[in-house]
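Biologist: I would like to go through this structure with you. Could we look at it together?

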Amino acid sequence: MGVIFNPNKNNHNQNRAKLLQNFIQKAGGCAIIDGGFATQLEIHGADIKDPLWSALCLINNPNLISKVHLEYLEAGADIIVTSSYQASIPGFVSRGMSIEQGERLLELSVELATNARDEFWESVERIGDHSYNRALVAASIGSYGAYLADGSEYSGYYGKDVDLNKLKDFHRRRLQVLVESGPDLLAFETIPNKLETQAIVDLLEEEDVQIPSWICFSSVDGVNAPSGESFADCLQVINTSDRIAAVGINCAPPQFVHSLVQKFNELTKKVIVVYPNSGEIWDGVAKRWLPSKCFNDDKFNVLATKWRDSGAKLIGGCCRTTPSTIRGLSKALKQGCLGTN
Ligand SMILES: [Zn+2]
């Protein structure tokens with residue numbers, strides 16, 4: 001396939017990068033992402049010990065999903081992430097649903113977030129004097145390992161049978177459905193290896209996706225991707241794609257993030273996005289959080305100002321962080337910055 005100059009395509013690419021940059025600027029130089037979604041569902045009493053995890057609520061309690069989105073918006077999130085992380089068509093089909101029903105649930109995840117954003121924005125606009133920004137909706141796309149629900153998103157090991165095509169096939173239809181549902185952003189989350197990074201980059205190109213994406217890796221050693229591959233290798237793949245507007249880390253311990261932001265700064269010119277977990281440790285096999293006494297919201301905020309100062313421009317929380325974390329984060333990071341709405 002030859003390279004054909006297409007002025008329209010170039011415009012699209014520039015617009016994608018600009019959309020996110022303008023939004024960040026409007027948010028005061030650093031936009032706040034929401035916090036742990038499943039964590040907050042559980043605080044409200046949802047039982048989501050299930051391979052579908054928070055996506056289970058798409059089936060049995062969509063109102064609770066709306067409520068959690070609204071809580072994060074109220075706490076100051078500039079970007080809310082949909083409840084589709086562990087939602088996948090094969091996942092829904094394995095629960096006896098039809099493909100159409102599975103696709104409808106994916107659409108619903110974007111619809112619930114978009115409606116919550118619009119409802120919240122209308123309510124604060126009515127009041128008038130406020131410091132909120134009209135939030136963006138990022139459609140969450142979990143890694144293949146998240147679908148497997150066997151902890152492999154933290155080992156990066158998908159087995160010998162999983163190749164590039166298998167990963168592209170796994171992601172393709174869900175990506176198409178989510179894109180058609182009209183989110184503002186696509187959030188690829190807890191990507192553990194270079195192979196899946198390549199699959200996503202290829203797929204965005206093949207499907208000609210116009211919505212800006214971010215790709216976030218998990219990390220279990222604070223230095224490399226979970227597979228042991230270097231971030232230099234993984235980011236080299238990402239740097240070739242104009243469709244990816246931001247790259248970073250999610251669901252790694254907060255203590256790892258500062259040095260990883262510094263590293264990513266050297267490896268890419270893209271916007272850096274970080275939303276670590278609370279620092280408690282997830283046992284992917286037993287599917288539970290191992291207790292930790294070291295975490296509190298204040299400590300998270302102190303660390304977050306370092307991430308911002310070293311160049312991260314999208315900052316939020318992942319597992320075990322709550323609206324209270326995000327409220328504190330928003331205050332700590334936006335001190336001295338005025339949102340322009
Ligand atoms: Zn997480």
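Biologist: Which residues of β3 are buried on one side, and which on the other?

Modeller: Leu-136, Ala-138, Ser-140 and Gly-142 are buried on one side of β3, and Val-137, Ala-139 and Ile-141 on the other, so both faces are covered. A residue is buried if 20 or more other C-beta atoms lie within 10 Å of its own, exposed if 12 or fewer, and partly exposed in between, with C-beta atoms placed from the backbone. Strands are DSSP runs (E, at least two residues) and helices likewise (H or I, at least four), numbered from the N terminus.

Biologist: What should I know about the model itself?

Modeller: This is a predicted model, in which local features need pLDDT of at least 70, side-chain atom pairs count only at pLDDT 80 or more, and totals for chains, interfaces and linings use all residues. Residues are numbered from 1 along each chain as its sequence is written.

Biologist: Which strands pair with β3?

Modeller: β2 is joined to β3 by three bridges, and the two run parallel. Val-81 stands opposite Ala-138 there. β3 also pairs with β4 (residues 185-191) in the parallel sense, over five bridges, with Ala-139 opposite Leu-186. Two strands pair if DSSP finds at least two bridges between them.

Biologist: What is the strand order of the open sheet?

Modeller: The eight strands are ordered β1-β10-β7-β6-β5-β4-β3-β2, with parallel pairing. β1 (31-32) and β2 (79-81) stand at the edges with a single partner strand each, so one side of each has no neighbour in the sheet.

Biologist: Which helix packs on the sheet, touching β2 and β3?

Modeller: Helix α6 (residues 99-127) does, and its direction makes about 160° with that of β3. Angles run from 0 to 180 degrees between N-to-C directions, and axes are lines fitted to C-alpha atoms, for helices over the stretch in contact.

Biologist: Changing topic, how do α8 and α9 cross?

Modeller: The axes of α8 (residues 164-180) and α9 (residues 194-206) come within 9 Å and cross at roughly 50°. That makes α8 oblique to α9, because angles under 35 degrees count as roughly parallel, over 145 as roughly antiparallel, 65 to 115 as roughly perpendicular and the rest as oblique.

Biologist: And is Arg-327 buried or exposed?

Modeller: Arg-327, found in helix α13 (residues 323-334), is buried, with 20 other C-beta atoms within 10 Å. Not counting residues up to four places away in sequence, Arg-327 touches Ala-75 and Gly-76; contact requires C-beta atoms, placed from the backbone, within 7 Å.

Note on methods
Two residues are in contact if their C-beta atoms, placed from the backbone, lie within 7 Å.
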